[in-house]
Structure formats: structure tokens, C-alpha cells
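Hello,

Here is the structure I promised to pass on. Please open it alongside this note.

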Amino acid sequence: MSYAGPEFEPPQPRRPRRGPLTVALAALVPGALLGWLVYETAGGSGDGGGADRANVRSSPPAASSTPADDGKKPGASASSRSSAPAASGPLKGKTVVIDPGHNPGNFQHTSEINRKVDIGTNQKECDTTGTSTNDGYPEAKFTLDVAHRMRTLLQEQGATVKLTQDGDRPYGPCVDERARIGNEAKADAVVSIHADGSGAGNRGFHVIMPGAVHAGAADTRAIVAPSRDLGERVAGRFGAVTGSAPSDYVGGGTGLVTRKDLGGLNLSTVPKVFIECGNMRDSEDAALLTSGAWRQKAAQGISEGIVSFLRG
Ligand SMILES: [Zn+2]
């Protein structure tokens, strides 16, 4: 599979419209302002999904478009690639793995994704289809879209960013492989992106952190503390940027949940959390999750949490 790293060639051509000054500013922007100052400096002409801060676009980007291709990052243009300004950003030398939950193709591969894999504590399905809104917007499209937006934001900070899947494989990967990708990348932080499928009326986000597990191939003891730090920062920034409240149905209002039954966490050897960005089965949350402008805020909030964690 191909992982999107710093050499990733954006799938669409970009219009050059950000000069060196803007790029330099981007590298200096602290986490709290990640992305937004860049956008303002760039003049806000956002023709791409990723730049669509609220109210700028007349319509949200299609989920299958390339929201990362927002014209904000240097990308593939010769000048920016050669000068590589982002590589000198505050996250230079840091590797972030983004794990877009599920896969839009999982629906067509039920036997493959139902195969059991070893998660240390027990056997569990390779992967699941994920949920969707009542109107049929799939979680798997949501997760990939947010991941693309995050990739852009984090690359602008100088991070090396890898995705566990980029819509470039028919299904999966399995949860054990998702964990392995982060481990083998020696990621400094991994965030798995999800949206929940709880009952209507349940609202809000929550971050899932690994509990201490030591069984079979699973040993999370070394990552429990840093993952909690990461989780708290992601939850804090996500809430601040999106304005969403922590889950009102799990986590006791903290937006934080610890679990020992997720293979993607049990098998991780690097700091890792999941985030359930909202409840797709609630109409009010669904209205947010299906908004490109809101997804940009979600990506920004998560990214700011990662930046905060990595910068200490
Ligand atoms: Zn999910």
C-alpha cells in the first residue's frame, strides 16, 4: 500500500498563491493558531475543501474530493518542494500517523473484514464497516476527509505524516495492521479518526485512550501515560476549536474514555488515541459531521492537540 508521507504528490495541481512569507509564517504559527493564520494570510480565496473555514465556501467539498489539496501547503510546486519550508516547521523530525477509521470499501468485503485477528487479549474482527448518518453519509468517508485535512495542517507544521489507508485499498487494513503501521513508523503520535453510531439524542465527542493491557502480543503499559497526555490535549483542543461539548453518553462529561478492548490501541507501542468526533445517528451531530466547514474545524482541533503534545 502506499503511505502518504512528505513526498506524497497531491493528486490535483495547485495554484501557486502562497508566497515565501506566508510559508514562513506557517512554520512559526504556534499550535493554537494552526491553520487559521495561514488561511487569513493566504487571502482566504479557498477553492479547496481544506481551506473552507466556515462560511467561505458556498458548498462543502465532496467527501471523495481531495480536501487536503487546499492550496495552503507548499505541495508539489517546484519552488516549494525545493525550498521545503514546511520541513523546518516546529514539528520537523516528528512523525504523525493518522488512522482513518474503517474503509469505504469494507461494505463490499464482509468476509475479509470479519476474519478474526489477534489483538493480544483476544481475537477480534479484522475491521468493521463503521456507521453512517441516517441520510447515508458513511463514517468511512468522514474519517478519510478529516484525515486529509489533518495531513495538510500537520505537514505545514513540518511533521512527517502517514495515513494507515488513503482510500487506496479495497478494504481494511485490519486493526492489527493499523497498529503495526504506527509502530513501524515509530510514530511520535497516532490518532485514529472515527464518528460514533450511538442512539439519537446522544451527542458530543469523546477521545478513547488505551488502558493498561499486558496479554499476548499486547503490552500498552509504556504508552498509557503518554497516550493520556495526548488524549487530554486532543480533547481539549477539539472542544475549543469546534465548540462541541464532550459526550453526554460516555465519559461522564469529560470527553475521555479508557478502553482495553480495541486492537488498534492494545497493539500499539507508540502513543495513540481514538477520537469519536460526534454521533452520526443524532441529527444535530450529523449536521455538523456532514459539514465540510465543521470537518475543517475538527481537523484543526485534533491537529492542535497533536502539536501541543509533540511540543510539550
Ligand atoms: Zn468508527
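Below is what I found, starting with how to read it.

This is a predicted model, in which local features need pLDDT of at least 70, side-chain atom pairs count only at pLDDT 80 or more, and totals for chains, interfaces and linings use all residues. Residues are numbered from 1 along each chain as its sequence is written, and side-chain values use heavy atoms, with hydrogens and water left out.

**Glu 276**

Glu 276 sits in strand E10 (residues 272-279); strands are DSSP runs of at least two residues and helices (H or I) of at least four, numbered from the N terminus. Glu 276 is buried without a salt bridge, and the nearest side chain of opposite charge, Arg 259, is 5.5 Å away. Here buried means under 20% relative accessible area (1.4 Å probe, protein chains only), and a salt bridge puts a side-chain nitrogen of Lys or Arg within 4 Å of a carboxyl oxygen of Asp or Glu. The Glu 276 side chain does reach the backbone nitrogen of Asp 196, at 3.1 Å.

**Gly 204**

Gly 204 lies in the loop between E5 and E6 and is buried, at 9% relative accessible area. Its C-alpha atom is 6.6 Å from that of Asn 279, 75 residues apart along the chain. Contacts of Gly 204 (heavy atoms within 4.5 Å) include Glu 276, Tyr 249 and Asp 285.

**Helix H7**

Among the buried residues of H7 are Leu 230, Val 234 and Phe 238. The buried residues of H7 pack against strands E5, E6, E9 and E10 and helix H10. After H7 comes Gly 243, with a positive phi near 80°.

Best wishes

Conventions: Buried < 20%, exposed > 50% of the residue type's maximum accessible area, 1.4 Å probe, protein only. Lys, Arg positive; Asp, Glu negative; His and termini not counted. Polar contact = N/O pair within 3.5 Å; in protein donor to acceptor, adjacent residues only side chain to side chain. Lists of a residue's contacts leave out its neighbours within four places in sequence.
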